[in-house]
Amino acid sequence: QVQLVESGGGLVQPGGSLRLSCAASGNIFHIKTMGWYRQAPGNQRELVAVFTTGGSTNYADSVKGRFTISTPNDKNTVYLRMNSLKHEDAAVYYCNGDFILSDLRRMTYWGQGTQVTVSS
């Protein structure tokens with residue numbers, strides 16, 4: 001099993017910044033992908049930003065140039081730095097990871113979600 005623990009959501013004014021963090025723990029042998037999705041009311045869950053195997057990153061077009069995904073030396077953690085936040089960025093943000101477990105099974109896990117509210 002893998003646990004994803006998120007933090008960093010909250011209320012921010014338009015144009016402001018937030019940093020989300022997600023820490024993965026458990027029987028992890030290898031991380032294939034790890035990143036962030038979001039879901040606003042009435043919308044489908046959508047990719048925001050993700051690290052893929054080899055260290056490459058993918059971003060949604062709507063956040064390119066404003067959001068940055070990063071990982072510290074502890075590669076079981078990912079951060080999402082969100083700058084120049086807009087009303088349309090408001091959503092529940094979910095950490096997601098695609099893992100190879102210690103028993104070599106491949107499993108996908110989701111965090112519990114953290115609310116980001118953009119309002120003046």
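In this predicted model, Ser 17 is located in the loop that connects β2 (10-12) to β3 (18-26). Ser 17 has a relative accessibility of 32% and is therefore classed as partly exposed, since that class lies between the limit of under 20% for buried residues and that of over 50% for exposed ones.

The surroundings of Ser 17 can be described through its contacts. When residues up to four places away in sequence are left out, Ser 17 touches Val 12, Arg 81, Met 82, Asn 83, Ser 84 and Leu 85. With one of these residues, Asn 83, the side chain of Ser 17 forms a polar contact of 2.8 Å. A further spatial relation of Ser 17 involves Arg 66: the two residues are separated by 49 positions in sequence, while their C-alpha atoms are 9.4 Å apart in space.

The chain contains eleven strands and zero helices, and its order of elements from the N terminus is accordingly β-β-β-β-β-β-β-β-β-β-β. The radius of gyration is 14 Å, close to the 14 Å that the globule rule gives for 120 residues, so the chain is as compact as a globular protein of that length. Along the principal axes, the C-alpha atoms occupy a box of roughly 50 × 25 × 20 Å.

Of the 120 residues in the chain, 40% count as buried.

The largest pocket has a volume of about 240 Å³, and two elements, β4 (28-39) and β5 (46-52), each give two or more residues to its lining. The strand that gives the most is β4, with five residues. In total, 13 residues line the largest pocket, and those nearest its centre are Ile 31, Phe 51, Thr 52, Gly 55 and Lys 75. What is the make-up of this lining by class? The lining of the largest pocket comprises seven polar, four nonpolar and two charged residues, where Gly is counted among the polar ones.

Definitions and conventions
Residues are numbered from 1 along each chain as its sequence is written. This is a predicted model: local features need pLDDT of at least 70, side-chain atom pairs count only at pLDDT 80 or more; totals for chains, interfaces and linings use all residues. Side-chain values use heavy atoms; hydrogens and water are left out. Helices (H or I, at least four residues) and strands (E, at least two) are DSSP runs, numbered from the N terminus. Buried means under 20% relative accessible area, exposed over 50%, partly exposed in between (1.4 Å probe, protein chains only). Contact means heavy atoms within 4.5 Å. A polar contact is a pair of N or O atoms within 3.5 Å; within protein, one must be able to donate a hydrogen and the other to accept it, and residues adjacent in sequence count only if both atoms are side-chain atoms. On a 1 Å grid over the protein atoms alone, a cavity is a set of points where a 1.4 Å probe fits but cannot get out, and a pocket is an open set with protein on both sides within 12 Å along at least five of seven lines; lining residues have an atom within 4 Å of a point. Grid points are joined across faces, edges and corners, and a volume is the space filled by probe spheres set on the points. The radius of gyration is taken over C-alpha atoms; the globule rule is 2.2 Å times the number of residues to the power 0.38.
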